[in-house]
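The sequence and structure are shown first.

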Amino acid sequence: MSAAAGVPLLLLAVWHGGWAHFVLTVLIMLLAVIEWSKLFVRMNSKPPLAAMMAGVLALASSAHLGGAGAFGAAVTPVVLMMLLIGVFRHPCVTPGDVAAALAGTLYVGLLVYFYLIRTLDGGGLWILFLLACTWTGDTMAYLVGKKLGRIKLAPLLSPGKTLEGALGGLVGSVTAAVVVYAFNPVLPLSLTVLLGLIIGISGLLGDLFESSLKRTAGIKDAGGVIPGHGGVLDRFDSLLFAAPAAYYSILAFGG
């Protein structure tokens with residue numbers, strides 16, 4: 001039921017683009033830093049949540065106003081803000097708290113590329129390409145891993161993930177890329193396959209990184225904001241790595 005209600009709204013917002021897509025991205029980012037903060041509270045850290053929310057708002061706003069270049073330029077003042085909070089709120093905010101807040105802000109800030117892809121030429125198609133590869137890869141990884149999985153991929157990070165599932169996920173991402181190519185061959189087939197593979201690998205790494213966070217915190221889901229699916233970090237962990245990888249790959253391939 002959550003997917004049936006959420007997926008059409010997500011697709012509608014990203015296809016419409018503009019403010020709808022930007023507001024959706026910012027909302028996801030704010031929910032994500034809240035979950036990050038709660039994860040680190042379980043690790044005996046207290047990252048300043050208000051500063052993290054201000055940081056992601058600054059990063060998202062800069063990207064909206066000036067694109068990827070402005071986003072990169074905004075990183076420096078966000079870092080300085082976090083460091084100064086550690087100075088002026090010491091000892092309530094420890095250096096460890098500052099490090100956790102800074103890491104979370106920059107990590108969640110990567111979701112800005114989910115919005116920036118939409119600003120490229122043919123951005124609507126590229127967003128659908130990204131989502132198709134990511135979602136198909138995630139689904140195939142789960143199905144193949146559940147049915148055929150034998151060899152553990154990263155037992156210390158995520159005992160449930162298998163090498164067979166990971167390979168199935170990569171095949172799913174590439175297959176989705178080829179299907180999109182069949183309807184709209186924007187890039188040569190070889191580059192389309194390569195882009196699908198890059199998104200698949202990046203998504204897998206994003207999933208593993210978030211698994212390491214949950215493993216360290218001793219929890220199964222990062223949150224419960226999406227009934228039956230967990231938190232936004234659980235649902236968007238793959239995109240956090242895949243979106244920037246896709247953005248710069250598209251630029252490099254001349255998309």
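## Basis of the model

This is a predicted model, in which local features need pLDDT of at least 70 and side-chain atom pairs count only at pLDDT 80 or more, while totals for chains, interfaces and linings use all residues. Residues are numbered from 1 along each chain as its sequence is written, and side-chain values use heavy atoms, with hydrogens and water left out.

## Overall form

The protein contains nine helices and two strands. Helices (H or I, at least four residues) and strands (E, at least two) are DSSP runs, numbered from the N terminus. In sequence order the pattern is α-α-α-α-α-α-β-β-α-α-α.

The C-alpha trace spans about 60 × 45 × 35 Å along the principal axes of the protein. A compact globule of 255 residues would have a radius of gyration near 18 Å, and the protein agrees with this, having 18 Å. The radius is taken over C-alpha atoms, and the globule rule is 2.2 Å times the number of residues to the power 0.38.

## Surface and contacts

The accessible surface of the protein is about 12100 Å², and 72% of this surface belongs to carbon and sulfur atoms. Such areas come from the Shrake-Rupley method with a 1.4 Å probe; for residues, only the protein chains shown count as cover. Of the 255 residues, 47% count as buried. Buried means under 20% relative accessible area, exposed over 50%, and partly exposed in between (1.4 Å probe, protein chains only).

A contact means heavy atoms within 4.5 Å. Among contacts with a separation of 6 or more, 69% join residues 24 or more positions apart.

## The nonpolar core

A nonpolar core is a set of buried Ala, Val, Leu, Ile, Met, Phe, Trp, Tyr and Cys residues joined through side-chain atoms within 4.5 Å. The largest one has 66 residues, and those with the most contacts inside it are Phe114, Leu116, Ile117, Phe129, Leu130 and Ile199. Helix 3 (residues 49-88) gives the most to this core, with twelve residues.

Residues up to four places away in sequence aside, Phe129 touches Ala177, Val180, Thr192, Leu195, Gly196 and Ile199.

Gly218 follows helix 8 and has a positive phi, near 75°.

Strand 1 (residues 152-154) and strand 2 (residues 158-162) run antiparallel and are joined by two bridges; strands pair if DSSP finds at least two bridges between them. A hairpin of three residues links strand 1 to strand 2, and Ala154 has Ser158 in strand 2 as its bridge partner. Thr162, also in strand 2, is buried, with a relative accessible area of 6%.

## Loop residues

Asn44 and Ser45 both lie in the loop between helix 2 and helix 3. Ser45 is buried, with a relative accessible area of 9%, whereas Asn44 is exposed at 75%. Asn44 has a phi near 65°, a positive value in a residue other than glycine. Not counting residues up to four places away in sequence, Ser45 touches Phe40, Gly96, Asp97 and Ala100.

Pro91 is placed in the loop between helix 3 and helix 4 (95-109). The peptide bond from His90 to Pro91 is cis, with omega near 5°.
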